[in-house]
Amino acid sequence: MRWSRYFWHTSKEDPADAEAPSHRLLIKGGFIKQVSSGIYEFTPPGVRVLRKVENIVRKEMDRSGAQEVLLTVLNPAELWKETGRWDLYGRELFTLKDRNGRDYCLGPTHEEEITDLVRSFVNSYRQLPIILYQIQVKFRDEKRSRFGLIRGREFIMKDAYSFDTDEMSAMFSYENMKFAYDRIFKKLRLKTLMVEASVGAIGGISSHEFVVLTDYGEARVAYCETCGYAANAEIVKLPKPQEEVEEEKPLQKVHTPNTDTIEKLSSYLNVPPQKIIKALLYIVEGNRPFLFLIRGDRNIDENKVEALLGTDNFRLAQEEEIWQLLRTKKGFVGPFNLPSHFKVYWDNSTYGIKNTVIALNEPDYHYVGANPGRDFSYGEFVDVCQVEDKDPCPKCGSPLKVSKGLELGHIFLLGTRYSQPMRAYYRDPQGEEKPIIMGCYGIGISRCISALVEQCHDDKGIKWPTPVAPFELDLICINTSDQEQKDVAEKLYTLALEYGIEAIYDDREESPGFKFADADLCGFPYRIVIGKKVKEGKVEIQNRHTGERWDADIEKAIQEVKVLIEEDKK
RNA sequence: CGGGGUGUAGCUCAGGUGGCAGAGCGUUGGCUUUGGGAGCCAAAGGCCGCAGGUUCAAGUCCUGCCACCCCGACCA
């Protein structure tokens, strides 16, 4: 490709509203352009990267025995009503009507449609198992799109679905996909971590996420470097700690004005937060009060609360509600003299605490030196505590590490959640009708591009791994008005194409510095610079990843680069 | 959906107390230059997010709306 004729436009300035490095560099490097919030166009070089990622995924999916299909973007509402998701999916679903007033949605995922496809052809156990997949655009009207391709409202996804006769066979399909995902992320040169994930309210059987550790992700991941345990933080169980051993001090009621937060109370009394019991009043389903008690230095993980309560319809009580229910203020809520309809849960973190500070539902007062058994009694213990760094690993007890993670893949053993309501049945060898056991497996293709940039960049720009680079080699002619240099550049460009190297020839009438800056920004793994040294029969080869540069004979340079590229792609 | 921020040239931004619409980069033409976003000269380029209002006069003040970004909530 000759750059002078190529539709590729980089920017010298950082884009004004891009924060995440991947978002900034993909826009600055001219790979994508924003059209609306969470909606991006791909330019020709952007498409080149996208296709490479897609093809790596496609190849490994094919290798696993999955078969590619292409479902529709425009989905009729009827299918979604069969599973109840037309109403359950909520406002995240983009919906529209046709000219006759019939309802449609833009597919956010395709369990319904694929199940419809399979049920219309599969009748017998002899036709199973089967795995189908597609690479296609998805639409989700996210409450908050952000960070460029990391969370878009329109994005490209590989979604696969497995269909099996029984759970044993389904587990096999699931394991098959797990291995395929491992290979895919290795080939993409993405350092992912496979973590156990929440099976969700739907009642799936097993679920794993493939995440990259980056600040620009939405998941919290806990992992153990000792035993290899890794899980989404929301499902990591925290046990009761050891009982504290301390002599019990007398109980005192202390005047503590203006201490509506743990920080203020802690500094007012000069007591560390972990010696305070924090009480949080939640309102469940609009009117049921639930009191959660947790150690003052810990936070509630609302995902755990949701799993405990079996509903996501809960929120912290407002100031007025606290007053109406308990005649006290925020910061002075405690487990004493509660009305009988209150449900009280003690987080494990409060177990065995001694000489603690605890509120008594009287504004501006706290108990100090309170002890369980003597001054208050525990009730039901639960685990709703947010996992933090150094919490014990549930497998081996070593300290866990907690990081933010970006979810690139999610595999899910679904069971009969979709096959049952949609009557996707098969006949077993005894002639009995049974629901197909399903699994679903997603990879965020466009999100992978962002993840690659997050993992491979420096302050000058992107450093694409060779297998996904838009071009493998950039040829830079320093002085375009020097005929000798130009001839060598042309010759090497033609030769590179003959060798099957994906090369871009920067033949633009620009200064050398301009071309170097673009080369760094756009992230080509290799660069050949044709400059003054052509008089000595030499050109310079540069490696974007290592920063190494060395002279090579004009005749041998392309061959040398070809070897390096092939090595990278192995 | 709550909180914060930003909308002025293609891009990045400046435009106290209301008084002629600005810069740098980019673009076009010309000359010079060629190993890290070159220099000089000239030119083009604007619904100041939209709609109302106040005023002799609004990019600037007031009201409403819209869009985008960030934090939070949410996230098969």
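**Exercise 1. Count the aromatic pairs in this predicted model, then classify Y6 and W8**.

Start with the count: searching the whole structure turns up 28 aromatic pairs. Rings of Phe, Tyr and Trp (its six-membered ring) pair if their centres lie within 6.5 Å; planes under 30 degrees apart are stacked, over 60 edge-to-face, and the rest tilted. Now take Y6 and W8: their ring centres are 6.0 Å apart and their planes meet at 80°, so this pair is edge-to-face. Both Y6 and W8 are buried (buried is under 20% relative accessible area, exposed over 50%, partly exposed in between, with a 1.4 Å probe and protein chains only). Ring pairs also join Y6 and W8 with W3, F31, W464, F471 and F524 in a cluster.

A quick note on the model: it is predicted, so local features need pLDDT of at least 70 and side-chain atom pairs pLDDT 80 or more, while totals for chains, interfaces and linings use all residues. Residues are numbered from 1 along each chain as its sequence is written, chains are lettered from A and ligands numbered from 1 in the order written, and side-chain values use heavy atoms, leaving out hydrogens and water.

**Exercise 2. Work out what the pair Y282 and F314 ties together**.

First, the geometry: Y282 and F314 are edge-to-face, 5.8 Å centre to centre with 70° between the planes. Next, the strands (DSSP runs of E, at least two residues, numbered from the N terminus): Y282 is in β14 (residues 277–284) and F314 in β16 (residues 314–316), so the pair ties together parts 32 residues apart in sequence. Finally, Y282 is buried at 2% relative accessibility, and F314 is buried at 13%.

Methods
Helices (H or I, at least four residues) and strands (E, at least two) are DSSP runs, numbered from the N terminus.
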